[in-house]
Amino acid sequence: MTPDDEETQPLLGPPGGSAPSGRRVFLAAFAAALGPLSFGFALGYSSPAIPSLRRDAPLAPRLDEDAASWFGAIVTLGAASGGVLGGWLVDRAGRKLSLLLCTVPFVVGFAVITAARDLWMLLGGRLLTGLACGIASLVAPVYISEIAYPTVRGLLGSCVQLMVVIGILLAYLAGRVLEWRWLAVLGCVPPSFMLLLMCFMPETPRFLLTQHRRQEAMAAVQFLWGSEQGWEEPPAGAGHQGFHLALLRNPGIYKPFIIGISLMVFQQLSGINAVMFYAETIFEEAKFKDSSLASVIVGIIQVLFTAMAALIMDRAGRRLLLVLSGVVMVFSTSAFGAYFKLTQGGPSNSSHMELLAPISVEPASASLGLAWLAVGSVCLFTAGFAVGWGPIPWLLMSEIFPLHVKGIATGVCVLTNWLMAFLVTKEFSSLMGAGSQDPGRQRLSASSSRIPPSSPAPQPLSPLGQLPLLLVASGRGDISEGPHCPAP
């Protein structure tokens with residue numbers, strides 16, 4: 001019997017040909033999804049924390065532009081390492097134990113941030129939380145996919161991304177009332193709650209079967225599905241062949257590899273993590289009066305549209321949602337790029353209007369309209385991402401790989417995702433470095449030299465002002481031209 005033949009035989013089938021009706025599967029999925037909630041909070045933490053750290057100076061560690069970019073991006077380096085570690089843990093320690101272990105770096109990382117006295121402690125805490133993010137982002141989709149029965153697999157699988165965006169929104173909301181230290185304390189709560197709940201949840205039946213623990217697997221099915229009907233023994237040797245490079249010659253292996261890696265690359269090239277990490281700073285660059293409120297609006301929209309995607313995922317199909325999502329993101333990033341082109345087109349409509357107040361002739365209504373163009377385009381971009389390219393890559397990653405290569409394959413996908421996230425969040429200023437020589441900035445420098453001596457010294461334009469141009473450059477066409485995955 002070949003590995004392909006083995007994978008065509010389901011390990012668990014719906015009892016009696018009818019869908020199971022157990023409710024505890026939702027409780028187990030919620031417990032596992034607290035991991036994605038925790039890493040969503042870690043991703044969103046930098047957006048309110050960076051302005052808070054700067055307001056708290058000199059009591060807080062000092063963050064210049066370069067340090068702030070590292071503070072936002074270093075979590076992705078930790079997550080890349082966590083993806084590799086998670087791929088090893090998920091096959092050897094099991095899905096449940098891997099989720100339990102990832103709570104440790106979450107809590108320790110946020111505790112280090114809370115006690116930080118210098119920049120290195122801040123970065124060390126972010127690196128630890130990133131490590132936990134990488135493990136949780138790999139293990140949680142696998143755990144949920146393996147405990148869910150087919151009729152709710154799409155719904156529960158999409159809830160992984162839903163919990164991520166809820167975590168980001170939670171960070172944005174809490175950041176409006178909490179300073180950076182107390183915000184880090186709050187970050188310890190979701191992983192602690194996950195540790196408590198997961199202690200009472202079973203290991204996945206699929207993993208237990210591969211370990212020849214049949215009685216435990218039957219007990220897990222009874223707990224999760226509410227019935228032991230439809231039980232099928234796993235094929236002999238399933239899940240124990242291991243991975244070796246010769247397997248990549250098998251179309252059943254290398255095609256899922258190509259699809260999974262491509263989905264992760266295109267997801268990050270959309271620029272979503274740059275928007276989420278620096279949302280508040282982006283709106284400050286856009287001169288929106290209440291940048292933190294605008295960030296919360298973006299977070300709410302992302303939660304709503306991710307929830308909508310979860311409800312329609314199994315009906316609409318993965319491919320249609322990916323195409324629709326890509327088209328919306330291309331349009332919205334183009335609009336956001338147009339906003340910055342308009343605001344940087346000359347001294348009379350610069351986005352840094354306070355520097356040009358003595359010579360500005362732009363009507364206030366036009367300025368307000370452009371500010372809402374910035375917010376609207378980011379909201380549309382976020383909604384488009386949430387409908388397709390947010391949840392679907394993670395869902396497909398847990399569905400398309402054969403059992404005997406799932407650990408290493410999902411590890412490679414998560415590693416790719418987080419390395420691309422690091423490149424986007426840390427290096428976009430280098431990619432758009434040519435913008436520092438554009439005529440708009442030269443005109444800004446010339447006009448700022450005419451500011452009276454009593455005026456405060458002008459601050460240099462942040463590289464974040466070039467973010468939407470990166471989004472257009474990296475997302476234009478790539479998303480909608482990505483690999484089309486077959487509908488389930």
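A crossing of two helices is called left-handed if the near helix is turned anticlockwise from the far one by less than a right angle. Keep that in mind for the first stops. The model on screen is predicted.

**Stop 1: helices α4 and α7**

Select residues 180–187, which form helix α7, and show them together with α4. The two axes come within 8 Å and cross at roughly 165°. Angles over 145 degrees count as roughly antiparallel, and α4 and α7 are therefore roughly antiparallel to each other.

**Stop 2: helices α4 and α5**

The crossing of α4 with α5 is left-handed.

**Stop 3: α4 by itself**

Which residues of α4 are buried? They are R95, S98, L99, L100, C102, T103, P105, F106, G109, F110 and I113. Colour them to see where they lie along the helix.

**Stop 4**

Select α3, residues 65–92. This helix has 28 residues, and from its first C-alpha to its last it reaches 42 Å, close to the 40 Å expected. Where is the kink in α3 centred? The kink is centred on G72 and is about 35°. α3 is followed by G94, which has a positive phi, near 100°.

Now select α6, residues 150–175. Its 26 residues reach 39 Å from first C-alpha to last, close to the 38 Å expected. α6 has a kink as well, of about 30°, centred on V160.

**Stop 5**

For each pair below, draw a distance between the C-alpha atoms.

- D56 lies in the loop between α2 (24–55) and α3. D56 counts as partly exposed because its relative accessibility is 25%. The C-alpha of D56 is 8.9 Å from that of W180, although 124 residues separate them along the chain.
- G226 lies in the loop between α10 and α11. G226 is partly exposed, with a relative accessible area of 47%. The C-alpha atoms of G226 and R24 are 8.0 Å apart, and the two residues are 202 apart along the chain.
- F257 is part of helix α11, residues 251–269. Buried means under 20% relative accessible area, and F257, at 10% relative accessibility, counts as buried. I400 is 143 residues away from F257 along the chain, and their C-alpha atoms are separated by 8.8 Å.

**Stop 4: H212**

Finish at H212, in the loop between α9 (205–210) and α10 (214–225). Is H212 buried or exposed? At 64% relative accessibility, H212 counts as exposed. Check the backbone here too: H212 has a positive phi of about 60°, although it is not a glycine.

Methods:
Residues are numbered from 1 along each chain as its sequence is written. This is a predicted model: local features need pLDDT of at least 70, side-chain atom pairs count only at pLDDT 80 or more; totals for chains, interfaces and linings use all residues. Side-chain values use heavy atoms; hydrogens and water are left out. Helices (H or I, at least four residues) and strands (E, at least two) are DSSP runs, numbered from the N terminus. The expected span of a helix is 1.5 Å times one less than its number of residues. The bend at a residue is the angle between axes fitted to the seven residues ending there and the seven starting there. Buried means under 20% relative accessible area, exposed over 50%, partly exposed in between (1.4 Å probe, protein chains only). Axes are lines fitted to C-alpha atoms, for helices over the stretch in contact, and angles run from 0 to 180 degrees between N-to-C directions. Angles under 35 degrees count as roughly parallel, over 145 as roughly antiparallel, 65 to 115 as roughly perpendicular and the rest as oblique.
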